[in-house]
Amino acid sequence: MTFSDRDEAEIEASRAPLMDHLIELRSRLLICVIAFGLGFILCFAFANQIQIALIKPYQAAAAIHAAALASGGHANPLELIATMTGLRPYPPGSAAVVQLIATAPLEQLFTKMKIAAFGAAVLTFPVIAWQMYRFVAPGLYRNERGAFLPFLIAAPVMFCLGGALVYYVMLPFVMLFSLGQQVVSDGISVAQTTKISDYLSLVTSLLLAFGLCFQLPVVTTLLGLAGMISSKAMAAGRRYAIVAVVVVAAVVTPPDPISQLMLAVPLVILYEVSIWCVRLIELRRRKADDEDGLASA
């Protein structure tokens with residue numbers, strides 16, 4: 001019996017009535033809902049600590065901005081990154097105190113609930129992805145199941161890489177740029193007073209945008225496995241892809257060129273990585289076809 005025949009036999013053995021599939025779907029959705037609920041409760045219990053952690057980039061930007069104003073110079077981007085990553089302490093004499101405001105009675109409560117929901121979605125993604133895989137796995141061939149599993153690991157890893165870029169680089173630069181727009185001159189002051197809900201909405205939006213954009217190699221590799229795209233077509237459409245990347249970066253990031261470059265440059269690099277990933281898949285597929293041809297001969 002060949003591998004193909006064995007796969008067909010396994011799929012045929014996994015066939016079940018529609019009602020059985022619906023019952024299984026209900027049970028797996030129930031597991032996902034329970035996991036999300038537990039994650040929400042956990043994140044809501046630590047909402048204050050999560051808020052403080054998410055405000056740290058703003059605090060680092062405020063400290064570097066205050067130190068630059070005190071010295072009469074300009075903020076050093078490398079110093080900002082070093083401060084944010086903990087490689088160096090806050091500048092001496094800088095104002096490292098950040099005060100955010102809530103303008104509605106229940107604004108802070110709703111903000112905590114949004115944080116808890118976002119955190120629960122991130123924490124429970126492996127559970128949800130695994131349940132989805134377990135539901136569709138019986139309908140996949142053995143080689144498809146083996147190829148699909150690594151992406152369950154690659155997807156959260158790439159999301160975390162995108163989130164790390166936001167937290168340690170992107171967000172501090174955005175807040176530093178924002179603080180630099182304040183005006184103080186001749187008794188006139190235009191100070192930045194940020195609402196906690198607006199700031200955390202910006203944080204979660206950037207984390208989600210970068211995390212999803214960093215899924216580009218995962219998505220293109222899956223499409224390459226399915227034979228829907230080729231490395232040759234991706235290479236030929238490189239210029240159009242770069243234009244699309246610039247448009248996406250302009251839409252999902254704040255309206256300043258630094259933020260847009262911080263997303264556009266990694267996406268262009270990831271696109272090139274995606275081309276090589278698809279090319280490796282094509283080489284492996286070609287090698288497997290050659291071996292099958294020799295075996296049949």
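**Working through the model**

Modeller: Start at helix H4 (residues 77-84), where Glu79, Leu80, Ala82, Thr83 and Met84 are buried. Buried means under 20% relative accessible area, exposed means over 50%, and partly exposed lies in between (1.4 Å probe, protein chains only). Helices (H or I, at least four residues) and strands (E, at least two) are DSSP runs, numbered from the N terminus.

Biologist: What follows H4?

Modeller: Glycine 86 does, and its phi is positive, near 85°.

Biologist: Before I go on, what are the ground rules?

Modeller: This is a predicted model, with local features needing pLDDT of at least 70, side-chain atom pairs counting only at pLDDT 80 or more, and totals for chains, interfaces and linings using all residues. Residues are numbered from 1 along each chain as its sequence is written, and side-chain values use heavy atoms, with hydrogens and water left out.

Biologist: Where is confidence lowest in the chain, and where highest?

Modeller: pLDDT is the predictor's confidence in each residue, from 0 to 100. The lowest is in helix H1 (residues 3-13), at a mean of 50. The highest is in H5, at 93. The chain's mean pLDDT is 82, and 87% of its residues reach 70 or more. Where pLDDT is low, predicted coordinates should not be read in detail.

Biologist: Switching to charges. How many salt bridges does a search of the whole structure find?

Modeller: Four. A salt bridge here is a side-chain nitrogen of Lys or Arg within 4 Å of a carboxyl oxygen of Asp or Glu.

Biologist: What does arginine 28 meet in a salt bridge?

Modeller: Glutamate 24, at 3.1 Å, N to O. Both residues are in helix H2 (residues 18-45), four residues apart, about one turn of the helix.

Biologist: Why does arginine 28 count as buried?

Modeller: Because its relative accessibility is 18%. Glutamate 24 has 23%, so it is partly exposed.

Biologist: Which residue pairs with lysine 195?

Modeller: Glutamate 107, in a salt bridge whose closest N and O atoms are 3.9 Å apart. This pair links distant parts of the chain, 88 residues apart. Lysine 195 is in the loop between strand E2 (188-190) and helix H8 (196-213), and glutamate 107 is in helix H5 (residues 107-123).

Biologist: Is glutamate 107 buried or exposed?

Modeller: Buried, with a relative accessible area of 8%. Lysine 195 is partly exposed, at 28%.

Biologist: And what about glutamate 272?

Modeller: Glutamate 272 forms a salt bridge with arginine 238, with closest N and O atoms 2.6 Å apart. Here too the pair links distant parts of the chain: glutamate 272 in helix H12 (residues 257-296) and arginine 238 in helix H11 (residues 238-252), 34 residues apart. Glutamate 272 is partly exposed at 27%, and arginine 238 is partly exposed at 30%.

Biologist: New topic. Which residues does the UniProt "transmembrane region" annotation cover?

Modeller: The unreviewed entry gives 29-47, 115-136, 148-170, 199-225, 237-255 and 261-281. UniProt positions are in the numbering used here, feature names are shortened, and annotations may be inferred rather than shown by experiment. In the model, residues 199-225 are 93% helix and 0% strand, with end C-alpha atoms 40 Å apart. Residues 261-281 are 100% helix and 0% strand, with end C-alpha atoms 30 Å apart.

Biologist: Last one. Where does threonine 220 lie?

Modeller: In helix H9 (residues 216-225). Threonine 220 is buried, at 8% relative accessible area. Leaving aside neighbours within four places in sequence, threonine 220 is in contact (heavy atoms within 4.5 Å) with Ile229, Met234, Ser274 and Val278.
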